[in-house]
Amino acid sequence: MSPFNGGANQNRHLELPTFLDELLLSHSLFFGRSTPSDNVMKSKYGGIDLKIIKDYSENWSSSISAVHISDFPIYGTRLQLIQQRMTDWRPLRAYHAIWYRPYRDSMPVYAFRFAILFGLVSLAGLGCGIYGAVKGSSGGHN
Amino acid sequence: VLIAHVELVDENWVTQNWDNGYSEPLSQQICCIFWTVRNLLLLDPKKDLKLRGNSDKVPYFRAWGDEQKFREQSLMRSALPPTFRGDLFVSAGIKPGEIISKEAVRANLADFRAKVILNGAFKMELTSDPSLHLRFDETKFKRPTLLILDSRTISMLAILDLTGFMEYVAL
């Protein structure tokens with residue numbers, strides 16, 4: 001079966017040509033379901049026309065939640081690579097683990113953050129204890 | 001009778017002068033028309049059509065700085081014989097080997113959302129180069145950046161698709 005008459009045309013009732021359909025669908029995937037805040041959209045993604053995405057989602061596309069990677073015969077390999085990268089990403093450095101959350105299996109990162117927080121609280125408690133002991137001993141001498 | 005006479009004379013003139021200075025300019029004009037139309041259908045890869053910008057002339061169709069000449073280099077060129085449809089896909093930023101007929105791959109697209117991507121380790125930026133759509137920019141070593149085409153370029157690429165030559169074609 002040719003990749004051009006595969007899932008896209010069987011699963012969805014769109015009459016736009018496939019390539020344009022895939023381009024609009026990729027925009028709809030990333031920006032159609034939930035968008036960053038208005039400020040971020042204006043400053044970083046001003047080149048994205050949300051009206052086109054909304055019009056496409058409402059009038060031209062079937063349910064976006066049912067979109068499968070086979071609906072992208074042209075961009076499927078790129079999406080697959082993105083998915084692979086999202087699955088495989090792991091923090092290589094300590095500050096990566098603090099600032100960036102993995103897309104899959106986030107529990108170790110949350111555990112690491114909790115351990116750091118716990119360590120900081122313990123250090124603060126130890127510092128307070130030492131400070132109190134020093135102050136108490138110096139007060140006793142007076 | 002007069003019209004028939006003129007047509008007869010013209011036809012005779014063409015027949016008599018076909019080899020002698022008629023066929024060559026005609027073939028040159030047809031060739032010129034063909035390459036102009038082809039260039040337009042491929043969104044002006046030669047960047048002949050330019051608008052006068054603020055400081056310099058800017059290409060009308062291609063805002064992206066693509067390396068078409070680099071791709072045409074003999075060592076980089078596809079082993080498949082070039083076709084017009086293949087050139088359309090190259091203009092759209094799709095390499096011939098990228099489209100592979102294969103079984104549907106199961107993949108979860110639920111978290112392919114700008115908000116989710118930005119909350120994680122990757123950045124997202126817009127690009128005007130079709131060949132970089134849904135690809136990563138690895139030049140910024142700190143965080144991989146996912147590139148997405150802007151709406152203007154998508155509207156421009158719609159012209160390629162609306163020619164009708166891109167549908168149902170395996171490269």
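This is a predicted model: local features need pLDDT of at least 70, side-chain atom pairs count only at pLDDT 80 or more; totals for chains, interfaces and linings use all residues.
**Entry 1**

Angles over 145 degrees count as roughly antiparallel, under 35 as roughly parallel, 65 to 115 as roughly perpendicular and the rest as oblique. Axes here are lines fitted to C-alpha atoms, for helices over the stretch in contact, and angles run from 0 to 180 degrees between N-to-C directions. Helices (H or I, at least four residues) and strands (E, at least two) are DSSP runs, numbered from the N terminus.

I noted the crossing of α2(A) and α5(B) as left-handed, that is, the near helix is turned anticlockwise from the far one by less than a right angle.

I then listed the residues that meet. From α2(A) they are Thr18(A), Phe19(A), Leu20(A), Leu23(A), Leu24(A) and His27(A), and from α5(B) they are Ser151(B), Ile154(B), Leu157(B), Ala158(B) and Asp161(B). Sorted by class, this contact of α2(A) with α5(B) has seven nonpolar, three polar and one charged residues. Ala, Val, Leu, Ile, Met, Phe, Trp, Tyr, Cys and Pro count as nonpolar, Asp, Glu, Lys and Arg as charged, and the others, Gly among them, as polar. Contact means heavy atoms within 4.5 Å.

On conventions, I recorded that residues are numbered from 1 along each chain as its sequence is written, and that chains are lettered from A and ligands numbered from 1 in the order in which they are written. I also recorded that local features need pLDDT of at least 70, that side-chain atom pairs count only at pLDDT 80 or more, that totals for chains, interfaces and linings use all residues, and that side-chain values use heavy atoms, with hydrogens and water left out.

**Entry 2. α2(A) against α4(A)**

I turned to the packing of α2(A) within chain A. With helix α4 (residues 50-60) of chain A, α2(A) makes an angle of about 105 degrees, and the axes are 9 Å apart. The pair α2(A) and α4(A) is therefore roughly perpendicular. Asp21(A), Leu24(A), Leu25(A), His27(A), Ser28(A), Phe31(A) and Gly32(A) of α2(A) meet Leu50(A), Ile52(A), Ile53(A), Tyr56(A) and Ser57(A) of α4(A). I classed the residues of this contact of α2(A) with α4(A) as seven nonpolar, four polar and one charged.

**Entry 3. His27(A)**

I checked His27(A), which is found in helix α2 of chain A. Its relative accessible area is 2%, so His27(A) is buried. Buried means under 20% relative accessible area, exposed over 50%, and partly exposed in between (1.4 Å probe, protein chains only). Not counting residues up to four places away in sequence, His27(A) touches Gly32(A), Ile48(A) and Ile53(A), and also Ile148(B), Leu149(B), Asp150(B), Ser151(B) and Ile154(B).

**Entry 4. Positive phi in chain B**

Asp44(B) has a positive phi near 55 degrees and lies in the loop between α1 (2-41) and β1 (50-52) of chain B. Leu134(B) has a positive phi of about 65 degrees and is found in the loop between β3 (123-127) and β4 (135-137) of chain B. Asp44(B) is buried at 2% relative accessibility, and Leu134(B) is buried at 2% relative accessibility.

**Entry 5. Cysteines**

I counted zero disulfides over all chains, taking a disulfide as a pair of cysteine sulfur atoms within 2.5 Å. For Cys32(B), the closest cysteine sulfur is in Cys31(B), 7.7 Å away, too far for a bond. Cys128(A) is exposed, with a relative accessible area of 55%.

**Entry 6. Chain totals**

I recorded seven helices and zero strands for chain A. Of the 142 residues in chain A, 39% are buried. Among contacts in chain A between residues at least 6 apart in sequence, 47% join residues at least 24 apart.

For chain B I recorded five helices and five strands, in the order α-β-β-α-α-α-β-β-β-α along the sequence. Of the 171 residues of chain B, 33% are buried. The share of chain B contacts between residues at least 6 apart in sequence that join residues at least 24 apart is 41%.
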